[in-house]
Amino acid sequence: MKPVFLRRAILFGWLLIALLCAAPAFAQPAVTSVSPSVLKPGTATQITIAGSKLEGAARLWTSFPARCEWIGHDPAAKDVKQLVCKLHIPAGTCVGIGGMVFATANGLSDLIPVMIDELPLVADNGNNRQPGTPQEVTLPAAIAGASDGATSDFYSFTAKANEKISLDLVAARMGADFDGVLRVLDASGKELLMLDDDVAAGADCRGVFVAPADGKYILELRDNRFKANGKYLLRVGSFTLVTTSMPIGVQRGVLTALGFVGPSVDGLAPVQLISNDSTPRLPFSVGAAWTTIISNDLPGAAEGSPAPLALPVALHGVLAAAKEKDEFPLTIGKGQRVTFKPISRSAGSPASVSLKLLNATGGIVGEAATTENEEEPLSVVVPDDGVYRLQVSDLIGRGGSDYSYRIEAVTGPTFALSLKSDPKVNKIRFAVGPGGGFTLDVVAVRNGYDGPIRLSVDSERSGWQLVNNVIAAKAAETKLYVLPPADWSAADVAALRIVGTATELPEAPTATMSTLAQLRLARPAMIYPPGWLDGLILVSGLGNANEFYTLSQTKSEITFLRQIGETKLTLAMQRTNAAFKDVPLTVLLTKLPPGLTAEVKRNGNGPAETYDIILKGAKDLAAARQSLRYFAYAELTGAGLAVASNDVVVSIVDPLAVTITPAGPITAGQTQKVKLAVSRRAEDRAAVELKFKALPPGVTAPEKITLAADANEIEIELTASTDATPVMFKELVATATSTAAGQSVTGESAAATLEVKKP
């Protein structure tokens, strides 16, 4: 047996091809083929990339570990239709389906599927359309070909009596439009074996041929619909065919013995595995076979356990016979929420798991819904303390030696995230230039958790900026705005996932956003999109900004007047591209002073329009110097343009401030001047009525004091009577009354000291 290899990688899926149709309207590179389509670990393979718009600075992104060495590439060349590179793939890279994507400053190509394989590659020679002229193949081999429609492709090989030959068609699993049917014939043309759809691999057929005698045998392969041009890879040889490992998952840091189930696993010894990898789904290969291993912190328990199991736990088993029902005894406390998450189809198993939770008398406490999701979870709050039984079966009563499953049982509130399924917006690939960004509508399904969910980015590339990244308490979704890192540049490529965290739970559980609905829409014929693809978003860097509007603010600082309780900041938007019309900007506050609320009002609809950010707060809000930030976003032909502001100062002040400055002491029987200075913070200056709140005994002031709208200070003459009492009066206070923003406002000075003395 060859070594088992594990690798940590972000393996990005070729299934994105159909999702990329909603790309921005600019000339992105288009890759039509990568040749060869099979790459061998531990070697350097020279590949040819064919397509259009391949000129300029070039980067090749792969879903597997690889180093690209360009051969003869001239970034200054024009109208480039072919590039050559030597791709170095480290030894130990997992066998399986991967993908590569080509990026330039003009954007990102579609993702091209490739096979990482140890089998030698053989190309269809095109002269094998008759059973009498088959193409001879030396085994083992990975035969790359394409459907000719109504005619079949014929290949011949030799085998010894009782020799087991594995047959593995890889086409639909690589996103190809090829529904293959494979026949094995003897030299006389007699059919010895026919393979069609596989319950685990969908339209791809798999099986084992046992040669009845020494001799030559013929393979006949055609599209079951007689449809032309569908590409295929037919793997033939004496190698294992694995459906899943058994168990499907391992507990991190715990040595686990992995067995295997599948069409050809006889003699395949268990593998001892210990995983310390934080990646939830690990690519895993044994020889020429591959599968997916789940890796997390849950302890495992196999079917058949007689003693009740404690939660949390990962349950695993095989529905070995039709209509089989496995049951797991579980100890659960009254009022405890428990969620059961099945994993089968996404790991390669044919089982469509159905779940029921039964009480001690066999009554149904909870049952998973029947939906298009073939891994539908069950979440239930149990009514009483006791031992319950989780019943696991196949949804339509099927069974077999490779109908394996894993059920992750956890307690407490949980939630799940998905990308909203919208036929009008079905993108999971984005090209972003300077000032650009993109949006994702993230939907939450809550199981007992109603608190806020904070979203973050998981990516090998750091520095992503998120706006509106909290799904509010009890809310079902948010529109997430994603901006690239500050050092994002042309032809950069990054894969990312969106992760949500339940911020109000003690252990802050997380969930990763799923894109299963988008993947299934892209490839409805695929039996189940690979688990490693689910949730991945691909982003590339553009060389030029898609600038179709400008935005400016009318003030660098805004004043919030206490007593008024409202103010605004106006943003002026100018449309600079005639194609960008009618669509309003989205304006969000990303930072807001405490105690204030905000709403946005759009004014007008045309080449120039404005947006008012209206701030409101209590009229007794404490005076302070605060700040806000805003974010504006719009899209044109699928490309987003964002404006993120710096801090805008919000000065929370009184609308009127008054100061008193006496000219000196006042003598009984005489007069003295007092200066009143008024500071207005409102934009609409108005006249101010002034008066003294208190005066020394025997001292009088004019009954009416008016400060003109264009004046800031006034001198008032105070008069002391001849019998005014000498005093050091320390409570000389002036009040001011005026209007601001159409409302009456007042102000009061600090107390000043006025001395009254004898002549």
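**Figure 1. Thr 158, an exposed residue in strand β14.** Thr 158 counts as exposed because its relative accessibility is 58%, where exposed means over 50% relative accessible area, buried means under 20%, and partly exposed lies in between (1.4 Å probe, protein chains only). Thr 158 sits in strand β14; strands (E, at least two residues) and helices (H or I, at least four) are DSSP runs numbered from the N terminus. Setting aside neighbours within four places in sequence, Thr 158 is in contact with Gly 215 and Lys 216, contact being heavy atoms within 4.5 Å. Look also for Asp 214: its C-alpha atom is 7.5 Å from that of Thr 158, although the two residues are 56 residues apart along the chain.

This is a predicted model, in which local features need pLDDT of at least 70 and side-chain atom pairs count only at pLDDT 80 or more, while totals for chains, interfaces and linings use all residues. Residues are numbered from 1 along each chain as its sequence is written, and side-chain values use heavy atoms, leaving out hydrogens and water.

**Figure 2. The open sheet that contains β14.** Which strands make up this sheet, and in what order? Five strands line up as β12-β14-β19-β16-β17, with mixed pairing; two strands pair if DSSP finds at least two bridges between them. At the edges are β12 (135-136) and β17 (191-195), each pairing on one side only. Strand β14 (residues 153-159) and strand β19 (residues 215-223) are antiparallel partners, joined over seven bridges. To follow this pairing, find Asp 153, which stands opposite Leu 221 in β19.

Figure 3. Pro 280 belongs to the loop between β24 (271-273) and β25. Buried or exposed? Pro 280 counts as exposed, because its relative accessibility is 51%. Not counting residues up to four places away in sequence, Pro 280 touches Ile 293, Ile 294 and Ser 295. The C-alpha atoms of Pro 280 and Leu 561 are separated by 53 Å, and these residues are 281 apart along the chain.

**Figure 4. The largest nonpolar core, seen around Phe 438.** A nonpolar core is a set of buried Ala, Val, Leu, Ile, Met, Phe, Trp, Tyr and Cys residues joined through side-chain atoms within 4.5 Å. Of the 36 residues in this core, Phe 438, Leu 440 and Ile 537 touch the most other members. Elements that give two or more residues include β38 (436-447) and β52 (624-636). Leaving out residues up to four places away in sequence, the contacts of Phe 438 include Trp 464, Ile 537 and Tyr 633. In soluble globular proteins, nonpolar side chains tend to be buried together.
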